Protein chains: 2
Amino acid sequence: MVVGRRRLSVGELGVWRGLVDTTDELRRRLSVQLAEDSGLSPADYRVLLALSEAEGKRSRSSRLAEQMEWERSRLSHQLGRMEKRGLIRREDCATDSRGAEVVLSEEGADAFRRATAPHAKAIKKHFADALTPAQFDALEDILQSLERHLRR
Amino acid sequence: MVVGRRRLSVGELGVWRGLVDTTDELRRRLSVQLAEDSGLSPADYRVLLALSEAEGKRSRSSRLAEQMEWERSRLSHQLGRMEKRGLIRREDCATDSRGAEVVLSEEGADAFRRATAPHAKAIKKHFADALTPAQFDALEDILQSLERHLRR
DNA sequence: GTGTCATCATTGATACATCAATCAGATTTG
DNA sequence: CAAATCTGATTGATGTATCAATGATGACAC
């Protein structure tokens, strides 16, 4: 792992491009599948997942953003679209009048339930089934290295 | 690689999430760096790269789209934005009056030149430097498996 | 208690991706 | 050649991501 001496090699660039292209294509397929199965976008699903894991299926929007590691503005726009479609509701917060509570609606919970199993199946089909256990371990190790490097 | 029997495991899901999150973060950083160095977005860079590799720094827009594996509509919107900023020009095609030729402008070529080396350096810094040669080989192998699986 | 500052959340602007629709000009077919 | 069809490219609509700006409230110093 000779750092910073050599320049980026053609092979390294190729692997980078492959990584980007392949993950793009995987996401694209999962996104199409998710929309077919549940009418949800990946962003919708992500929000509903976080919300359905929350205490009482509700959460302060800043807390939600923090857990999801999303910008608040991003979440706010997303919630606006989801509220229009009835997937969530926004209520005033009792303890801080600046704050908003995001509440999972019945429709939101239904859509999420409808999405979950097929989504897991699609991840298995398109991603997990492609790799051997050894490749899996190797990938986990690689991701750990990348994450550590990013946080350094 | 027992296909289709077991359900997606928690570990597999975790690796999938890690893959998505880590590649997202990598892209985000490269995108910020690219913008700082050259004022270009990744989409701009991709178009300029394809165009600068083309015969005479010009190409029919459908040919460009094909090489880049982009939807024509996507390219058309992107070219519209880039034309406004003077990075490319569009000219009528001599041999097919429906067609358009996309031409790399001087400004476009400059921006691309300004972007290239720092971009490679950033890929090296954030990505390539994080991995050992063995991890690199493993990743290449994993990507090949994933691509083969997607094309099956 | 009032002024200053931080925080919660939203909004608007811009760029981008995707889809469906459009339109002009080429090509094919009878 | 005329009608039907296909193709190259653009456009508009919608959803999404990011950034800067805003407004309202809370917290703290004095």
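Start by selecting helix α6 of chain B, residues 133-151: at 1.5 Å a residue, its 19 residues should span 27 Å, and the end C-alpha atoms are 27 Å apart, which agrees. (The expected span is 1.5 Å times one less than the number of residues; helices are DSSP runs of H or I, at least four residues, strands are runs of E, at least two, and both are numbered from the N terminus.) Before you go on: this is a predicted model, where local features need pLDDT of at least 70, side-chain atom pairs count only at pLDDT 80 or more, and totals for chains, interfaces and linings use all residues. Residues are numbered from 1 along each chain as its sequence is written, while chains are lettered from A and ligands numbered from 1 in the order in which they are written.

Show the side chains of B:Leu139, B:Ile142 and B:Leu146, the buried residues of α6(B). Buried here means 20 or more other C-beta atoms within 10 Å of the residue's own, exposed means 12 or fewer, and partly exposed is in between, with C-beta atoms placed from the backbone. Look down the axis of α6(B): the buried residues fall within an arc of 65°, so they line one face of the helix. (The arc is taken from the directions from the helix axis to the C-beta atoms.) An α-helix has 3.6 residues a turn, so residues three or four places apart point the same way. Now turn to the face away from the buried side, where you'll find the exposed B:Pro133, B:Ala134, B:Arg148 and B:Arg151.

What do the buried residues of α6(B) pack against? Bring up chain A: they pack against its α1 (10-38) and α6 (133-151).

**Across to chain A**

Select the whole interface next. 38 residues of chain A are in contact with 38 residues of chain B, contact being C-beta atoms, placed from the backbone, within 7 Å. On the chain A side, α1, α5 (106-126) and α6 each give two or more residues, and α6(A) has the largest share, 13 residues. Colour that side by class and you get 21 nonpolar, nine polar and eight charged residues. (Ala, Val, Leu, Ile, Met, Phe, Trp, Tyr, Cys and Pro count as nonpolar, Asp, Glu, Lys and Arg as charged, and the others, Gly among them, as polar.) Of the interface residues of chain A, 100% are also interface residues in chain B, so the copies meet through the same surface.

**Along the DNA**

Pick DNA strand D. It is surrounded by 27 residues, the closest being A:Ser41, A:Ser73, B:Ser62, B:Ser73 and B:Gly99; a residue is near a strand if its C-beta atom, placed from the backbone, lies within 6 Å of it. The largest share of this surface, six residues, comes from α4(B).

Switch to DNA strand C, where the closest residues are A:Ser62, A:Ser73, A:Gly99, B:Ser41 and B:Ser73. Here α4(A) gives the largest share, six residues, and the surface divides into four nonpolar, 12 polar and 11 charged residues.

**Last stop: B:Ile88**

Finish in strand β2 of chain B (residues 88-92), at B:Ile88. Is B:Ile88 buried or exposed? It is buried, with 26 other C-beta atoms within 10 Å. Its contacts, leaving out residues up to four places away in sequence, include B:Leu51, B:Leu79 and B:Val103. B:Leu104 is 16 residues from B:Ile88 in sequence, with 4.7 Å between their C-alpha atoms.

Notes:
Contact = placed C-beta atoms within 7 Å.
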